[in-house]
Amino acid sequence: MNKHLRLFLTELWLPVLLLVAWWSLSANSTSLYFPALRTISEAFAADWLFDHIGIDLLPSLGRLAVGYLTAVVIGVILGVFLGLNRAAEETVQPLLEFVRATPGIAILPVAMIFLGTGTTMKVVMIAFVAFWPVLLNTIEGVRSVEPVLLDVSASYRLDRTTRLTHVILPAAAPQIFAGARTAIAIGVVVMVVTEMVGTPGGLGYYILSSQRSFDLAEMWAGIIVLGLVGYLINQLFRLFEGYVLRWHHGMVAHAKGGTS
Amino acid sequence: MTSPTHAPVPERTHQDVIFSVHGLSHAYGTHRVLERVDVEINAGEFMCIVGPSGVGKSTLLQCLSGLRKPTTGELVFQGTAIDGPPEGMAVVFQDYSRSLMPWLDVRANVTLPLRSAGVSRTERAERAQAALDEVGLSGFEHHYPWQLSGGMQQRVAIARALAFRPALIVMDEPFASVDAQTRADLEDLTLQVRKHLGITFLLVTHDIDEAVYLSDRVLVLNQKPAVVVDVIDVPLDRDRDQITTKSRPEFAEARSRVYELIRGHQA
């Protein structure tokens, strides 16, 4: 308990210091573009406690969740398939290399032509960019499963389902999670970008429209909300990963500890 | 082979052949590794395959366990021609650190094959417990493999094989990567398991002492490509001891014969 408290304090002093500095340095600000933090926090309280959570934030998170989870599910399924089928993987390899090197956001104009500027386009764009890191990491993870474990699976006659759920997926899981973590980060970016170019609504739209109507305190408040949301998503992801991969973290810590 | 006066009292009079292999040859491309290998393993016996490093023991073992398809050869296990890993056979691999699932605890590692075979939950738990007791790992059910020492990890692998209730356990250099004391302990554990459960063992090793100490018969593999140069009966009874057995003249004699067969054929 004491240890957690100390860790919390160690991690917290710098953000608190920066906030205090921001607060006091901006206190007498007359700049239109950099309003006082006090003004920003008033805008924050007015809009985000809690009107715009329902109006903008939840729809944003809903689209992110649908797009992201679709990407993870399809990425893992396709990644396992390609990871296990060398011939198929080799066929699509050049294509994958090409797509890997192209920022997914580049197809945004194309998506807007064919899918419009509404929810479909936003969700599809999030799914599209989040899909690639999941796919590539899953392929990599599945292909690097310890060959001895495949021999064990074969000699103990494990059926296909058990092999998949108890051998291949757990073995690939650390790598799949690495991909999923990259995917959530760029998913959030694309969520904001699509909202800035698409139909009204959402956190990105709130930030951009505040700027356009010179409500700069609101613009800054929106950016702070975005930062907080990104931080929370990352923490949730870490908790989930820590739970699913507890064996892996334990093993790594054990190896580092140098015992046995 | 061995003169009748030296032969031990047979513990089984009707020795059923559990696994018969005829004319097994294997080549990697044009590189011939195994040449017309014949092996007959009797139910209940302990056989070691011994040969110098690089002779093709691992390839032979992979073929015997159904993990690799030999170029030619007829393999009949428990009366059925095998084409892939057969039922009733369990393999203990050399590298314990890579043959256990690091994401499963000890018990889950042991029960995984049973789960796939459709064994009920209660029976899985019973079999796992019995197997872990047999190898001296009760109390470690909920440890992860990487929390255990090398010797203990290999015990988990042995328990996994036992819980599978095989007729034959095939072991590939199972004690090659542990220290000498652990190795002796694991050899004795294996002999004790065999005595308790009457499982047939086929163990591949490059260690002549180990082969003679464990076996009823030692199959010597040598030459390039590898052939069976001889099968030697070990005229020792089944109760063995690291010190007394190894100081007996029969042990020394069998050991010398195997040694000569291995050295005599080296180019």
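Tutor: A residue is buried if 20 or more other C-beta atoms lie within 10 Å of its own. Keep in mind that this is a predicted model.
Student: Which residues of helix α9 of chain A are called buried?
Tutor: In α9(A), residues 203-212, the buried ones are A:Leu203, A:Gly204, A:Tyr205, A:Tyr206, A:Ile207 and A:Ser210. Each of them therefore has 20 or more other C-beta atoms within 10 Å of its own.
Student: What covers the buried residues of α9(A)?
Tutor: The cover includes α3 (51-84), α8 (160-197) and α10 (216-244) of chain A. Just after α9(A), A:Phe214 has a positive phi of about 55 degrees.
Student: What makes β4 and β5 of chain B a pair?
Tutor: Pairing needs at least two bridges between the strands. Two bridges join β4(B), residues 72-77, to β5(B), so the two strands count as paired, and they run antiparallel. Across this pair, B:Val76 stands opposite B:Ala81.
Student: Where do these strands lie in the sheet order?
Tutor: The open sheet of four strands in chain B has the order β2-β1-β4-β5, with antiparallel pairing.
Student: Why do β2(B) and β5(B) stand at the edges?
Tutor: β2 (31-42) and β5 (80-81) of chain B each have a single partner strand, so one side of each is left without a neighbour in the sheet.
Student: How many residues does each chain bring to the contact between A and B?
Tutor: Chain A brings 20 residues and chain B 21. On the chain A side, α7(A) gives the most, with six residues. By class, that side has ten nonpolar, six polar and four charged residues.

Terms used:
Residues numbered from 1 in each chain as written. Chains lettered and ligands numbered in written order. Predicted model: local features only at pLDDT ≥ 70, side-chain atom pairs only at ≥ 80, totals over all residues. Buried ≥ 20, exposed ≤ 12 C-beta atoms within 10 Å, placed from the backbone. Contact = placed C-beta atoms within 7 Å. Nonpolar A, V, L, I, M, F, W, Y, C, P; charged D, E, K, R; others polar.
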